[in-house]
Amino acid sequence: MSGKKNGKRLWVGLDVGGTKMLACVYDDDFRCLGRRKKKTRDEAGPSDPLSRMATVIREALDEAGAPPSALAGVGIGLAGMLDLDKGILIEAPNLGWKKLKVVEGLRKRLKAPVVIANDVDAGTYGEYRFGAARKSRCVLGVFPGTGIGGACVYDGKLIRGKTGSAMEIGHLPVDPDGVLCGCGKRGCLETVASRLAIAGQAAQAAVRGEAPCLLKLGGTDLTKIRSGLLAESIRGGDRVIEQLVRRAAHWLGYGIAGAVHLLAPDTILLGGGLAEEFPRLYVEEVEGAVRDRGLATFTAGLRFTVAALGAEAVAMGAAAMAAEEA
Ligand SMILES: [Zn+2]
């Protein structure tokens, strides 16, 4: 195993999402030489997830015109609970995976070093190295979606727990009498500020006849009320939907203000569908709440920015982590 192609090493980043996997091949300067997408699960029937990951990586290398022997390291971003010491995916509830020996299994299949990371950690690291949060001393990444993911890069290093990831900002308790969260606890930040929380209120508004545009677009199915649909309904004139998005963003700002006092970051990186669909409205509302609730000494020099690498952030960050750790 030389890990060389024309004297250069190649790195692969793999983003394993709930529905799709994306593998990207990079050279030492992190130029993307090849990429490949695949459904995370085989629709034809149950298949070994590790073999499927190895296949999409091999296909991306093929597209880059590189033999598997050129591979110097692989970084994999996974949504789920990880044991980083053991290289195991403990559980990915959305995918029905448990105790997956990702590092060992892929190292054997690909004959290259493998590192794993929480997908939000990898995405934030990608934005820190190559995207909107470059040159930050301390960046707090916040990604509202179905839940709310968080990550922090401090002095170039991801803040992590003893064996797993940290910065679960979505589960900050904000309302003692609040509704149940997916985690089983009550009143977590994501019960009031995630896209799912907005979708629940938006569907009710549509049923009540307060959001005619959303109703026309078919927006009473929670799984279909995604950021794009919310944006369309606001553009179509549904004022109540705009208010719901603003209120959720405001809540998110309160949660972020708490983290700002603990970490004293210089950059708040907002990512995910909501931030990318509503860059102005959303950032304005989050920033307003943080400045309102944060102590001036902590918020004076604080910069708010929206993720810039889009769908490639996780793959790029994971590949960079592989290059550093391998
Ligand atoms: Zn929770």
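# Pocket, cores and salt bridges

Strand 11 and helix 12 (313–325) each supply at least two residues to the lining of the second largest pocket. Helices (H or I, at least four residues) and strands (E, at least two) are DSSP runs, numbered from the N terminus. This is a predicted model, in which local features need pLDDT of at least 70, side-chain atom pairs count only at pLDDT 80 or more, and totals for chains, interfaces and linings use all residues. Residues are numbered from 1 along each chain as its sequence is written, and side-chain values use heavy atoms, with hydrogens and water left out.

## The second largest pocket

A pocket is found on a 1 Å grid over the protein atoms alone: it is an open set of points where a 1.4 Å probe fits, with protein on both sides within 12 Å along at least five of seven lines, and lining residues have an atom within 4 Å of a point. The lining here consists of Tyr 125, Gly 156, Lys 157, Leu 158, Arg 160, Met 321, Glu 324 and Glu 325. Helix 12 provides the largest share, three residues. The volume of this pocket is about 200 Å³. Grid points are joined across faces, edges and corners, and the volume is the space filled by probe spheres set on the points.

## The nonpolar cores

In soluble globular proteins, nonpolar side chains tend to be buried together. A nonpolar core is a set of buried Ala, Val, Leu, Ile, Met, Phe, Trp, Tyr and Cys residues joined through side-chain atoms within 4.5 Å. Buried means under 20% relative accessible area, exposed means over 50%, and partly exposed lies in between (1.4 Å probe, protein chains only).

The largest nonpolar core has 45 residues, of which Ile 241, Leu 252, Ile 256, Leu 270, Phe 278, Tyr 282 and Val 286 touch the most other members. Helix 8 (residues 239–263) gives the most to this core, with 11 residues. Another core lies apart from it, with 34 residues that include Ala 54, Ala 64, Leu 71 and Ile 116.

Contacts show how Leu 270 is surrounded. A contact means heavy atoms within 4.5 Å. Not counting residues up to four places away in sequence, Leu 270 touches Val 142, Leu 252, Ile 256, Ala 275, Val 283, Val 286, Thr 305, Val 306 and Ala 307.

Val 245 sits in helix 8. With residues up to four places away in sequence set aside, Val 245 touches Ile 198, Ile 234, Phe 278, Leu 281 and Tyr 282. Val 245 and Ser 194 are 51 residues apart along the chain, and their C-alpha atoms are separated by 9.5 Å.

Pro 265 belongs to the loop between helix 8 and strand 12 (267–270). Again leaving out residues up to four places away in sequence, Pro 265 touches Cys 138, Leu 140, Val 260 and Leu 302. Trp 11 is 254 residues from Pro 265 in sequence and 30 Å from it in space, C-alpha to C-alpha.

Thr 191 is part of helix 4 (residues 190–193). A polar atom of the Thr 191 side chain lies 2.6 Å from the backbone oxygen of Cys 188. Apart from neighbours within four places in sequence, Thr 191 is in contact with Val 179, Leu 180, Cys 181 and Ala 197.

## Salt bridges

A salt bridge is a side-chain nitrogen of Lys or Arg within 4 Å of a carboxyl oxygen of Asp or Glu. The whole structure has 21 salt bridges.

One of them joins the side chains of Asp 48 and Arg 109 (2.7 Å, N to O). This pair links distant parts of the chain, 61 residues apart: Asp 48 is in the loop between strand 3 (32–39) and helix 1 (49–63), and Arg 109 is in helix 2 (residues 102–110).

Lys 108 and Glu 104 also form a salt bridge (3.3 Å, N to O). Both residues lie in helix 2, four residues apart, about one turn of the helix.

Asp 155 and Arg 137 meet in another (2.7 Å, N to O). Asp 155 is in the loop between strand 10 (148–154) and strand 11 (157–158), while Arg 137 is in the loop between helix 3 (119–130) and strand 9 (138–144), so the pair ties together parts that are 18 residues apart in sequence. Salt bridges that share partners join Glu 242, Arg 246, Arg 280, Glu 284 and Glu 285 into one network.

## Accessibility

| Residue | Relative accessible area | Class |
|---|---|---|
| Val 245 | 0% | buried |
| Pro 265 | 5% | buried |
| Thr 191 | 15% | buried |
| Arg 109 | 29% | partly exposed |
| Asp 48 | 34% | partly exposed |
| Glu 104 | 37% | partly exposed |
| Arg 137 | 46% | partly exposed |
| Lys 108 | 55% | exposed |

How values were computed: A polar contact is a pair of N or O atoms within 3.5 Å; within protein, one must be able to donate a hydrogen and the other to accept it, and residues adjacent in sequence count only if both atoms are side-chain atoms.
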